[in-house]
Amino acid sequence: MSQPVALITGAASGIGAAVAVAFARKGVRVVGGYLAGGPHDPAYTQRRVEEAGAECLMMPMDVTDSTSVDAIAGAAFDRFGRLDYAIANAGLLRKAPLMEMSDEQWNEMLDVDLTGVMRTFRSASRYMGEGGAMVAISSIAGGVYGWQDHSHYAAAKAGVPGLCRSLAVELAARGIRCNAVIPGLIETPQSLDSKNSLGADGLAKAGKGIPLGRVGRASEVADLVCYLSGSESSYITGQSIIIDGGLTVRWPE
């Protein structure tokens, strides 16, 4: 029996790259999508996946373009003859106070962070069958909390669990599961961006208020994604699982 295949969007860095490596260590072949001309080198993920012992195909893709998303899903199937897991991780984060936010900024955020998830799952579903699994990356910003100056981001991330719940019901008859992961404060290139997110100093300060005493690692999120994709979670679907070191259950001080 051939090794399973995972399609991962936003695979050039952060959580996406960590998921690719975690899958590779489990013998899963990886098809990774990355934004052409973006700041992250897809060769980094390619190298780490291959060092972990798995085949890797990295392809440019734009989750706002259905043709692009269809192409990478089709390429995954053409290359490996199967598609087992789809991980919708690609995301955009921009700071924009409400009174200054343009329609274009609002629409761009939802197009990437919410509609991009739908496009990824729609394309992948055409090649998936019994035992398939889809996992989308949401955020505690929107998934649990509000976040000032980021209402468009929070709105998009809040929509991801609803999309996954509905797809879990719709795709269950085909044996395909769909879940969402809601990360808390995780150290990634995105969260280290001091212009649009917390930055290194902000993360360090915020980590002190987390019950486990630190921010999370991308590899820890990746381990959860792999669990939700594998046979160990075969009866879990339509769920949104928070991974945040206890941040959302702490007692206010």
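Analyst: Start with pairing: two strands pair if DSSP finds at least two bridges between them. Strands (E, at least two residues) and helices (H or I, at least four) are DSSP runs, numbered from the N terminus. This is a predicted model, where local features need pLDDT of at least 70, side-chain atom pairs count only at pLDDT 80 or more, and totals for chains, interfaces and linings use all residues. Residues are numbered from 1 along each chain as its sequence is written, and side-chain values use heavy atoms, with hydrogens and water left out.

User: What is the order of the strands in the open sheet?

Analyst: The order is S3-S2-S1-S4-S5-S6-S9. That makes seven strands, with parallel pairing.

User: What makes S3 and S9 edge strands?

Analyst: Strand S3 (56–60) and strand S9 (240–243) each pair on one side only.

User: How do you know that S4 and S5 pair?

Analyst: The rule asks for at least two bridges. Strand S4 (residues 85–88) and strand S5 (residues 133–137) have four bridges, in the parallel sense. They therefore count as paired. Ala-88 stands opposite Ala-136 in S5.

User: And how many bridges join S2 to S3?

Analyst: Five, and the two strands run parallel. Tyr-34 has Pro-60 in S3 as its bridge partner.

User: Why is the unit of S2, helix H2 and S3 called right-handed?

Analyst: Point the strands away from you. A crossover is right-handed if the path from the first strand over the helix to the second then runs clockwise. S2, helix H2 (residues 42–51) and S3 make such a right-handed β-α-β unit.

User: What makes S3 mostly covered?

Analyst: Buried means under 20% relative accessible area, exposed over 50%, and partly exposed in between (1.4 Å probe, protein chains only). Four of the five residues in S3 are buried.

User: Why is Cys-164 called buried?

Analyst: Its relative accessible area is 0%. The cut-off is under 20%, so Cys-164 is buried. Cys-178 is buried too, with a relative accessible area of 0%.

User: How do you know that Cys-164 is in no disulfide?

Analyst: A disulfide is a pair of cysteine sulfur atoms within 2.5 Å. The nearest cysteine sulfur to that of Cys-164 belongs to Cys-178, 3.8 Å away. Cys-178 is in no disulfide either, as its nearest cysteine sulfur is that of Cys-164. By this rule the count is zero disulfides.
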